[in-house]
Amino acid sequence: QVHLVESGGGLVQRGGSLRLSCEASGSIFEINAMGWYRHTKQNTRELVAGITTTGGTNYADSVKGRFTISRDDAKTTLYLQMNSLEPEDTAVYYCNVKNYYTGGVYDYWGQGTQVTVSS
């Protein structure tokens, strides 16, 4: 079991910045990939940014150049630096880690943190 706790959400004006953090505990040896998703008002969950065990990153087109995903050396804390925030970035953001095993993948999720960008 991996337990995830997010922090860092809040209310910010357009053009502002926020930094989200996600602390992982428990069976961290199970962690393969890590990432941030967001749940939008349209009731969809989309991948915002991901990072692999080797440090490879990928981003949604809508956040490229504005958001940066990173993690600490122990791979127990995940970050999302969000700059130049826009109202369209308003959502609940969830930390995700994946455990790949033979035949499948198991997802762990945090409780979510609200990000609201005012215009």
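Q: Before we start, what does buried mean here, in relative accessible area?
A: Buried means under 20% relative accessible area, exposed means over 50%, and partly exposed is in between. The model is a predicted one.

Q: Take L4, then. Buried or exposed?
A: L4 counts as buried, because its relative accessibility is 3% and the cut-off for buried is under 20%.

Q: Where is L4 found?
A: L4 is part of strand β1.

Q: And which residues is L4 in contact with, leaving aside its neighbours in sequence?
A: Beyond four places in sequence, L4 has contacts with C22, E23 and A24, with C95, N96 and V97, and with Y108, W109, G110 and Q111.

Q: How far apart are the C-alpha atoms of L4 and Y106?
A: The separation is 14 Å, for two residues that are 102 residues apart along the chain.

Q: What about V5, which strand does V5 lie in?
A: V5 lies in strand β1, which covers residues 2-7.

Q: Is V5 buried, exposed or partly exposed, and why?
A: V5 is partly exposed, because its relative accessibility is 39%. For comparison, L4 in the β1 strand has 3% and is buried.

Q: Which residues is V5 in contact with?
A: Apart from neighbours within four places in sequence, V5 is in contact with S21, C22, E23 and Q111. C22, E23 and Q111 are also among the contacts of L4.

Q: How far is V5 from A24, C-alpha to C-alpha?
A: Their C-alpha atoms are separated by 6.8 Å, and the two residues are 19 residues apart along the chain.

Q: C22 keeps coming up. What joins C22 to C95?
A: A disulfide does, with an S to S distance of 2.1 Å. C22 in strand β3 (residues 18-26) and C95 in strand β9 (residues 91-101) are 73 residues apart, so the pair links distant parts of the chain.

Q: Left-handed or right-handed, that link of C22 and C95?
A: The link is left-handed, with -80° about the S-S bond.

Q: How many disulfides does the structure hold?
A: The count is 1 disulfide.

Q: Staying with strand β9, where is N99 found, and what is N99 in contact with?
A: N99 belongs to strand β9. Outside four places in sequence, N99 has contacts with E30 and N32, and with G104, V105, Y106 and Y108.

Q: Is N99 buried or exposed?
A: N99 is buried, because its relative accessible area is 17%, and anything under 20% counts as buried.

Q: Switching to loops. Where is the place of G112?
A: G112 sits in the loop between β10 (104-109) and β11 (113-118).

Q: Buried or exposed, G112?
A: G112 counts as buried, since its relative accessibility is 17%.

Q: Which residues does G112 touch?
A: Not counting residues up to four places away in sequence, G112 touches E6, V92, Y93 and Y94.

Q: What phi does S84 have?
A: S84 has a positive phi of about 50°, although S84 is not a glycine. Most residues other than glycine have a negative phi.

Q: Where is S84, and is S84 buried or partly exposed?
A: S84 is in the loop between β8 (77-82) and β9. S84 is partly exposed, because its relative accessibility is 40%.

Q: Zooming out, how many helices and strands are there in the chain?
A: The chain has 0 helices and 11 strands.

Q: Why does the radius of gyration agree with a compact globule?
A: A compact globule of 119 residues would have a radius of gyration near 14 Å, and the chain has 14 Å, so the two agree. The C-alpha atoms fill a box of roughly 45 × 30 × 25 Å along the principal axes.

Q: What share of the residues is buried?
A: Buried residues make up 45% of the 119 residues. The chain exposes about 6,200 Å², of which carbon and sulfur atoms supply 48%.

Q: What part of the contacts with a separation of 6 or more comes from residues 24 or more positions apart?
A: Such residues account for 54% of those contacts.

Q: Last one, how many positive and negative side chains does the chain have?
A: The chain has 10 positive and 11 negative side chains, and the centres of the two sets lie 3 Å apart.

Notes
Residues are numbered from 1 along each chain as its sequence is written. This is a predicted model: local features need pLDDT of at least 70, side-chain atom pairs count only at pLDDT 80 or more; totals for chains, interfaces and linings use all residues. Side-chain values use heavy atoms; hydrogens and water are left out. Helices (H or I, at least four residues) and strands (E, at least two) are DSSP runs, numbered from the N terminus. The radius of gyration is taken over C-alpha atoms; the globule rule is 2.2 Å times the number of residues to the power 0.38. Buried means under 20% relative accessible area, exposed over 50%, partly exposed in between (1.4 Å probe, protein chains only). Contact means heavy atoms within 4.5 Å. Accessible areas come from the Shrake-Rupley method with a 1.4 Å probe; for residues, only the protein chains shown count as cover. Lys and Arg count as positive and Asp and Glu as negative; His and the chain ends are not counted. The place of a charge is taken as NZ of Lys, CZ of Arg, CG of Asp or CD of Glu. A disulfide is a pair of cysteine sulfur atoms within 2.5 Å.
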